[in-house]
Amino acid sequence: AASAAAAWLHFTGYAAAPVPGHFSIDASSALAQAVVLALAVPVLLLARDDFPEGPFYPLFLSSLYGFCLMLSSDSFLTLFLGLEIMSLPVYVLVLLAFGRPESPEAALKYLVLGGTASAMFLMGVSLLYGGSATLALSSFTAALGARDVMATAGVVLVAAAAASGSLAAEPGVAGPGIELPRESRVPGGIAILELGPGDTSP
């Protein structure tokens with residue numbers, strides 16, 4: 001129903017800004033949200049056999065809400081809020097692979113990587129704000145062509161935060177002291193990369 005509603009907003013060309021400068025809805029963001037919500041349906045259907053009840057569904061829907069919030073964000077404030085709402089439930093979803101002893105280790109490493117990425121992101125955003133006096137996402141684009149040292153440092157930190165966050169989900173990438181990740185499958189069909197030591201067999 002949510003996916004159908006988002007698709008209807010797209011095709012009717014609906015546009016609104018409930019929180020001007022921070023959160024808005026337009027045809028393109030509604031289409032992206034409709035696609036994301038539609039792709040979530042098969043995941044929920046696959047999860048019925050493994051999770052007839054329990055915390056999986058509220059965690060998954062919370063993460064989905066955060067992702068949809070990111071798609072409608074107009075500022076770094078709402079972008080970070082959506083990012084955290086999306087990421088925090090995933091830490092617990094990793095632990096739901098309770099059948100594997102590596103799950104707590106994978107969740108801890110994901111938490112460390114996610115926390116590091118969030119810290120770099122916030123530092124980069126603060127530098128961008130210091131140089132532009134605005135939290136609008138357009139300040140990142142403006143900083144790309146600026147010669148100001150503060151703006152350049154902000155761009156580098158935001159880009160580094162995105163790269164660091166991808167370590168938790170990108171196969172074949174490992175930091176110092178971390179073995180190559182291996183893929184496990186959480187009940188419900190959700191693939192998660194565990195950065196665990198030992199063999200690399202699935």
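## The largest nonpolar core

In this predicted model, the largest nonpolar core brings together 12 residues: Val 36, Leu 37, Ala 40, Ala 47, Phe 51, Phe 56, Leu 59, Phe 60, Leu 64, Cys 68, Leu 93 and Leu 96. Such a core is a set of buried Ala, Val, Leu, Ile, Met, Phe, Trp, Tyr and Cys residues joined through side-chain atoms within 4.5 Å; buried means under 20% relative accessible area, exposed over 50%, and partly exposed in between (1.4 Å probe, protein chains only). Two or more residues each come from α2 (27-47) and α3 (56-71), with α3 giving the largest share, 5 residues. Helices here are DSSP runs of H or I with at least four residues, numbered from the N terminus.

Leaving aside residues up to four places away in sequence, Cys 68 touches Gln 33 and Leu 37 (contact: heavy atoms within 4.5 Å).

## Helix α4

Helix α4 covers residues 76-95, and its 20 residues should span 28 Å at 1.5 Å a residue; the end C-alpha atoms lie 29 Å apart, which agrees. The expected span is 1.5 Å times one less than the number of residues. Among the buried residues of α4 are Phe 76, Leu 79, Glu 84, Tyr 91 and Leu 93.

## A look at Val 35

Val 35 sits in helix α2. Why does Val 35 count as partly exposed? Because its relative accessibility is 44%.

## Notes on the model

Residues are numbered from 1 along each chain as its sequence is written, and side-chain values use heavy atoms, without hydrogens and water. As this is a predicted model, local features need pLDDT of at least 70 and side-chain atom pairs count only at pLDDT 80 or more, while totals for chains, interfaces and linings use all residues.
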